Amino acid sequence: TQCLTHIDVAPQRSRGPRPLTVFLGMMTRLCADDTARLRAVLAGLRRYQAAPPAPPRTMRPEIARIGSVSLKDHGGSGPPVIVIPSLINPAHVLDLAPDNSLLAGLVARGLNPLLVEWGETAPLGIEQLIADRLVPVIAGLGQPVALAGYCLGGTLALAAAALLGPQVSRVALLATPWNFAGYDAARPRLADWWARTEPLATQLGVLPIELLQPAFWALDEAGVVAKYARLAAAPEADIAAFAALEDWSNTGAPLSLPTARTLAETFYRDDAPGRGSWTIAGQRIDPAALGIPILDIIAARDRIVPPAAALSTLGVGTPLPLAAGHVGMVVGGRAASLLWDPLADWLGNR
């Protein structure tokens, strides 16, 4: 208890896992009587909270917008690639730092990445967001494009490709869930989280990140706590990179209630995409019917999107397994050779 007095838990000032009090409870439960481990986790958390803020981000030119959804041009003169991030956290994990940016890596490899930024999407549900925002903003470019989607962004990319038809030449999926039955034992935990969370989210009218984060922690509680224990002994030079990534993972615009229900019920509970019953604007979303190349890049050590949830487990697309985790595949020390190189090669192979 004495250690906790050194952790900033004030709601307006706290920097840390959100909600911090839930993290501290999980940490205490997992560390149990291991006081050395508990002290290490708390020391790591203090180092994170004391890290300086990241420098201001470079503003990218906006080339299209519909409602809150915009396309930002990250440079390059090669073939255009629409990069679609997840709805859960901000898009800038794909452009995390000048020396650690998937988008800059694609530019350096001869492509022109155009990043989708979602903005505040409430009150739209996922289906309306795709049909009325994402698809029109891509269609407005008036030229063939490749799509590359990260995490849930890949799920949305497949749906957009189905609605856009021949304008989409190919789709790359990065750690993307489609076969939600592949979550297996995690589905009951997610169902329990939603049963406890839905009443409060309904009262709030949205699902804020503070209510959503515990659902992802439940997929790998030990891993969430362990990274703070490791941070306690990490070199000082590693702190800034850790803080930038944690700031990203603990940030996100609230999800609308329709979006939250689609995620919790249509996807995780019912596995509508994997079972072939997901429809948008009356059209069934069937990746097998797209008739275009699909690269399914799978993070073999992924706890957020387990390999069993990948589209290619259903026999659609070309799997490319990588020895990495969900976030490490994009921003890890080996990301350039592990992911950026093969992804750029495949996207540029028109």
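Modeller: On a 1 Å grid over the protein atoms alone, a cavity is a set of points where a 1.4 Å probe fits but cannot get out, while a pocket is an open set with protein on both sides within 12 Å along at least five of seven lines; lining residues have an atom within 4 Å of a point. Grid points are joined across faces, edges and corners, and a volume is the space filled by probe spheres set on the points. This is a predicted model, in which local features need pLDDT of at least 70 and side-chain atom pairs count only at pLDDT 80 or more, whereas totals for chains, interfaces and linings use all residues. Side-chain values use heavy atoms, with hydrogens and water left out, and residues are numbered from 1 along each chain as its sequence is written.

Colleague: How many cavities of 30 Å³ or more does the search of the whole structure find, and what is the volume of the largest cavity?

Modeller: The search finds three. The largest cavity has a volume of about 220 Å³. Its lining counts 19 residues, with Ile88, Leu212, Phe216, Leu263 and Tyr268 the closest to its centre.

Colleague: Which helix gives the most to the lining of the largest cavity?

Modeller: Helix 10, with four residues. Helix 6, helix 7 (209-217) and helix 10 each supply at least two residues of that lining. Helices and strands here are DSSP runs, H or I of at least four residues and E of at least two, numbered from the N terminus.

Colleague: What is the volume of the largest pocket, and which residues lie nearest its centre?

Modeller: About 1400 Å³. The pocket is lined by 46 residues, and Lys227, Leu245, Glu246, Val327 and Gly328 lie nearest its centre. Among the helices that each supply at least two lining residues are helix 8 (221-232), helix 9 (239-249) and helix 13 (335-347).

Colleague: How many aromatic pairs does the structure hold, and why is the pair of Phe180 and Tyr268 called edge-to-face?

Modeller: The structure holds twelve. For Phe180 and Tyr268 the ring centres are 5.1 Å apart and the planes stand at 80°, so the pair is edge-to-face. The rule is that rings of Phe, Tyr and Trp (its six-membered ring) pair if their centres lie within 6.5 Å; planes under 30 degrees apart count as stacked, over 60 as edge-to-face and the rest as tilted. This pair links distant parts of the chain, 88 residues apart: Phe180 lies in the loop between strand 6 (168-174) and helix 6 (186-204), and Tyr268 in helix 10 (residues 257-269).

Colleague: What makes the pair of Trp193 and Trp194 tilted?

Modeller: Their ring centres are 5.6 Å apart and their planes at 40°, so the pair is tilted. Trp193 and Trp194 are both buried.

Colleague: Why does Phe180 count as buried?

Modeller: Its relative accessibility is 1%, so Phe180 counts as buried. Buried means under 20% relative accessible area, exposed over 50%, and partly exposed in between (1.4 Å probe, protein chains only). Tyr268, at 16%, therefore counts as buried too. Phe180 and Tyr268 also belong to one aromatic cluster, together with Trp178, Tyr183, Phe267 and Trp278.

Colleague: Is Asp184 buried or exposed?

Modeller: Its relative accessible area is 59%, so Asp184 is exposed. Asp184 is found in the loop between strand 6 and helix 6, and has a positive phi of about 50° although it is not a glycine.

Colleague: Is Val69 buried or exposed, and what does Val69 touch?

Modeller: With a relative accessible area of 0%, Val69 is therefore buried. Leaving aside residues up to four places away in sequence, Val69 touches Ala64, Val116, Glu117, Trp118, Leu129, Arg133 and Val137; contact means heavy atoms within 4.5 Å.
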